Amino acid sequence: MRVCVVGAGVIGLSTALNVLQRCRDADVTLIADSFSPDVTSANVAGFWEPYNVGDTPEELYIKWSSSTFKHFMSLIHEGVASSLGVELVSGYMFTPETTCDPPWKDIVFGFRPITQREIREFHPRAKSGAFFTSVIYNGSNYLSWLLGRIKDRGCKIIMKHLGSLEELVDDYDVIVNCTGIGARRLVGDEELVPHQGQLITVKGVSQKLFWIDCCSEPYNTSIFPRSDHVIVGGTVVRGNWSTVPSLKVQEDILVRAERIVPSLKNAQVVKSWVGLRPVRQKGVRLELETMQLGLKKIQVVHNYGHGGAGVTLHWGCAEEVAESVHSCQMKLRQSKL
């Protein structure tokens, strides 16, 4: 069976790897017009938290995010995580009102409500919040590792811009659509809307904890420590397609962040980056569809619309896509008997 995975972000690469592992005799090709570092998931903060997933059913995003968390933990236990920039990180999330515990609280480690003393000490404007330990990754390192894994398993890699999925119908039996925001054009999904976000990388300041401030205006403020730098964000601008960083927005982000961690005033900005979250109000689209492309019908597995949670959901979604592709493989075999 000939399978084409379209897209080389964390969704596309992890999906290709899982398809190769599940369908061992499949001939798999990955096609994309951009690879790391020129894809969104290579530059994001990389923090595990189900965020901005639209109306994705809770039972689905909890299943997928739990699988991804377990996958990251397996990398830590195997001793390869440090080279991939995958590590545990603890910290605080502050909220402007008293909230119920999130449905993912039992996936992370040590989730607990913060005390009134912690609120007074760290964020007097907050009403409640939580302290917990999650996982964070280095996108560039992790995507390079995924790409190496699929190459080792014989996956063909093609850098190409596709004008239409119809270009693939003569060469493949199954197409896997992992094109993120590009799916709006490729399959005409107008539910897919970019939520622009700007992040800043700074150095020259030591930071051990993460901080997520859901009380700040006009957007949440986040601070994520890495081994040799700190990532500060951010923004969520619906419908904005620009990927050009704004100096004014950068200054606003830093002002907000300095209210939480005053030492950031001494930080040196080394990078400002803008990416587009592929958000669908209906939520993640993960389904098998028989599409009429030109004169042919072909099986297409869609895996896009992960919003701000591509890192958080990627492995669980990839496993499910691999099962769908495997079912296509079984049907194809039966049809040839």
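Where is His306 found? His306 sits in the loop between β15 (296–304) and α8 (310–335); helices (H or I, at least four residues) and strands (E, at least two) are DSSP runs, numbered from the N terminus. Keep in mind that this is a predicted model, where local features need pLDDT of at least 70, side-chain atom pairs count only at pLDDT 80 or more, and totals for chains, interfaces and linings use all residues. Residues are numbered from 1 along each chain as its sequence is written, and side-chain values use heavy atoms, with hydrogens and water left out.

Because its relative accessibility is 3%, His306 counts as buried (under 20% relative accessible area, with exposed over 50% and partly exposed in between, using a 1.4 Å probe and protein chains only). Not counting residues up to four places away in sequence, His306 touches Ile11, Asn52, Val53, Pro278, Val284, Leu313 and Cys317, a contact being heavy atoms within 4.5 Å.

On to the nonpolar cores, sets of buried Ala, Val, Leu, Ile, Met, Phe, Trp, Tyr and Cys residues joined through side-chain atoms within 4.5 Å. The largest has 72 residues, and Val3, Leu30, Tyr142 and Val325 touch the most other members. Helix α8 gives the most to this core, with eight residues. Another core, of 21 residues, lies apart from it and includes Trp211 and Leu254.

Now for β5 (residues 128–136), where nine of nine residues are buried. Strand β3 (residues 87–95) runs antiparallel to β5 and is joined to it by nine bridges; strands pair if DSSP finds at least two bridges between them. Met93 has Ala130 as its bridge partner in β5.
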